[in-house]
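I set out to look up a few local features and the pockets of one structure. My entries follow in the order in which I made them.

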Amino acid sequence: MKLFSFWRSLATYRVRIALNLKGITPDEVIDVNLPQGKQREESFRKINPMMAIPALVENDGTVLFESLAILEYLDETHPNPPLLPKDPKGRARVRGLAQIVAADSHPLIVPRVREYLAHEYKLDEAGVTKWAQHWHRAALTGLETHLQDNATGKHAHGDQITIADSCIAIQAAGAAFFKVDLGPFPNFKRVADACMQNEAFARAHPMKQPGAPASV
Ligand SMILES: N[C@@H](CCC(=O)N[C@@H](CS)C(=O)NCC(=O)O)C(=O)O
């Protein structure tokens, strides 16, 4: 198994968490340097035409793309520990929480969007950061309300770790990168902190990856 990764990639962080939880170690982790634009090179486009990481290449050569699809694939092929609840309503809630992060928030702050804002609309660094902070806070506001629900326990859905927790952990890492204060989001912060107590999450953190700087 090969994982295409970059230390700072939040979508890859989601996948690293699931791999660690499932006890899977990729045979190879291939660095795709996003600031250098390696994701746009022809060789990587053949792996993922969307020019984004993560991509996971199975031993038979099957290329898996889109982090949430990869998480569900890993959950189906390595059922223990399960990352989705058994009941349909619980599964829908967990997938919904995950998609607030992966579908509604994260796509607005990825490098290609920030670069487009800077190059096409001439936003300076402060303007791009303001954009990223705005969309972070929008997701955090929604998540905070959802996490006030009785269905939330130690983790996003009850006391078991689910794919929603991997998305909450990456949202918290993104908030730190973009200097978004989590003070107004105490339920979110509590769940994110609970994740970071888990070694699988802590080891997968961007700042623990090869190539990460000492601080951001
Ligand atoms: N929806 C995709 C998002 C993938 C994505 O945008 N990844 C970022 C890194 S976190 C990336 O590779 N960006 C490259 C770019 O924006 O140019 C997923 O969840 O896998």
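I began with Asp-165, which lies in helix 7 (residues 163–177); helices (H or I, at least four residues) and strands (E, at least two) are DSSP runs, numbered from the N terminus. The model is predicted, so I note that local features need pLDDT of at least 70 and side-chain atom pairs count only at pLDDT 80 or more, while totals for chains, interfaces and linings use all residues. Residues are numbered from 1 along each chain as its sequence is written, and side-chain values use heavy atoms, with hydrogens and water left out.

I asked which side chain of opposite charge is nearest to Asp-165. Buried means under 20% relative accessible area, exposed over 50%, and partly exposed in between (1.4 Å probe, protein chains only). A salt bridge requires a side-chain nitrogen of Lys or Arg within 4 Å of a carboxyl oxygen of Asp or Glu. For charge, Lys and Arg count as positive and Asp and Glu as negative; His and the chain ends are not counted. Leaving aside neighbours within four places in sequence, I found Asp-165 in contact (heavy atoms within 4.5 Å) with His-155, Ala-156, Gln-160, Val-191, Cys-195 and Phe-201.

I turned next to the backbone. Most residues other than glycine have a negative phi, and most peptide bonds are trans. The bond from Ile-53 to Pro-54 is cis, with omega near 15°, and Pro-54 sits in the loop between helix 2 (42–45) and strand 3 (55–57). The bond from Asn-80 to Pro-81 is also cis, with omega near -5°; Pro-81 belongs to the loop between helix 3 and helix 4.

Glu-66, not a glycine, has a positive phi of about 70°. Glu-66 is in the loop between strand 4 (63–65) and helix 3 and is exposed, with a relative accessible area of 52%. Lys-179 has a positive phi near 55°, lies in the loop between helix 7 and helix 8 (186–196), and is exposed at a relative accessible area of 55%.

Last, I looked up the pockets. A pocket is an open set of points on a 1 Å grid over the protein atoms alone, where a 1.4 Å probe fits, with protein on both sides within 12 Å along at least five of seven lines; lining residues have an atom within 4 Å of a point. Grid points are joined across faces, edges and corners, and a volume is the space filled by probe spheres set on the points. The largest pocket has a volume of about 990 Å³. Of its 38 lining residues, His-106, Ile-109, Val-110, Pro-111 and Arg-114 are the closest to its centre. Helix 5 gives the most to this lining, with four residues.
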